[in-house]
Amino acid sequence: MIPRHVGFIMDGNGRWATSRGLPRSAGYKAGQEAMERVAKRAAELGVEAVTVYAYSTENTARPEAETAAILSVVCDWNDNYRGDMRVTYMGNVDLLGERVAKSVRTVEERTAENTGMRFNIALGYGGREDIINAAKACCKAGDLSREGFESRLSSAHLPPLDLIVRSGGEKRLSGFMLYEAAYAELIFTDKLWPDFYESDVDAALSEFAARTRKFGK
Ligand code: IPE
Ligand code: IPE
Ligand code: MG
């Protein structure tokens, strides 16, 4: 069985660069290439949606040179993407500066009518903030139903999250899709994100296919 929606926590870019004597910024560039490979392979395998964790709310606390390097890679990707995926973002993109916000709006608009896989990028995103925002919107609308809440999460346009894959060796979610993760299968790999290739996507999907999902039943 192919997961409908896979989340990738793209961790380990900095360590990949440092271990090669390169600046951390080189890790983000290599990470972007891995992201492209992974998205392409997931689409080929029939995954409907991929969400990648590119920049967390907490990542804003990193040194300015590093956040600038990450966001510059993101803007370059947005400006140059010409493929067939439907690109969306989730997170508080407006807090990341006008240049970032503009490039995000542009790629979303340019790809809105595409028919390929949904490709959702979590940027300036935190699962706790997303839950709080949805809860506030529910209160405002006077709608406290589960459906109403879920429709106000920023993942509402995507299929249910079936699988989360985290590279880089850490075994935690670091705020990634906390509500949506409830019954997602989890795969943690020591591989650093820039070392993630098509074969790693294949391996993760095979592992997913071999899992028994019970949903409490
Ligand atoms: C994860 O890579 C991506 C972002 C946080 C943008 P890291 O920068 O956390 O890489 P490591 O974990 O330090 O190796
Ligand atoms: C998680 O990685 C966020 C992204 C991959 C964008 P971090 O490197 O920020 O997570 P922690 O600090 O190890 O939990
Ligand atoms: Mg990290």
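Asp11 reaches ligand 1 through its side chain: an N or O atom there is 2.8 Å from an oxygen atom of the ligand. The model is predicted, with local features requiring pLDDT of at least 70 and side-chain atom pairs pLDDT 80 or more, while totals for chains, interfaces and linings use all residues. Side-chain values use heavy atoms, without hydrogens and water; residues are numbered from 1 along each chain as its sequence is written, and chains are lettered from A and ligands numbered from 1 in the order in which they are written.

A polar side-chain atom of Arg24 lies 2.9 Å from an oxygen atom of ligand 1. For Asn13, the distance from a side-chain N or O atom to a ligand oxygen is 3.1 Å. Taken alone, ligand 1 exposes 370 Å², and the protein buries 88% of that (Shrake-Rupley method, 1.4 Å probe).

Now the shell. 13 residues surround ligand 1 (a heavy atom within 4 Å). Asp11, Arg15, Arg24, Tyr28 and Arg62 are the closest. The shell divides into four nonpolar, four polar and five charged residues, with Tyr counted as nonpolar and Asp and Arg as charged. Helix 1 gives the most, three residues. Helices here are DSSP runs (H or I, at least four residues) and strands likewise (E, at least two).

Asp11 also has a protein partner. Its side chain meets that of Arg166 in a salt bridge, 3.0 Å from N to O (Lys or Arg side-chain nitrogen within 4 Å of an Asp or Glu carboxyl oxygen). The pair links distant parts of the chain, 155 residues apart. Arg166 is in strand 5 (residues 163-166), Asp11 in the loop between strand 1 (5-9) and helix 1.

Technical notes
A polar contact is a pair of N or O atoms within 3.5 Å; within protein, one must be able to donate a hydrogen and the other to accept it, and residues adjacent in sequence count only if both atoms are side-chain atoms.
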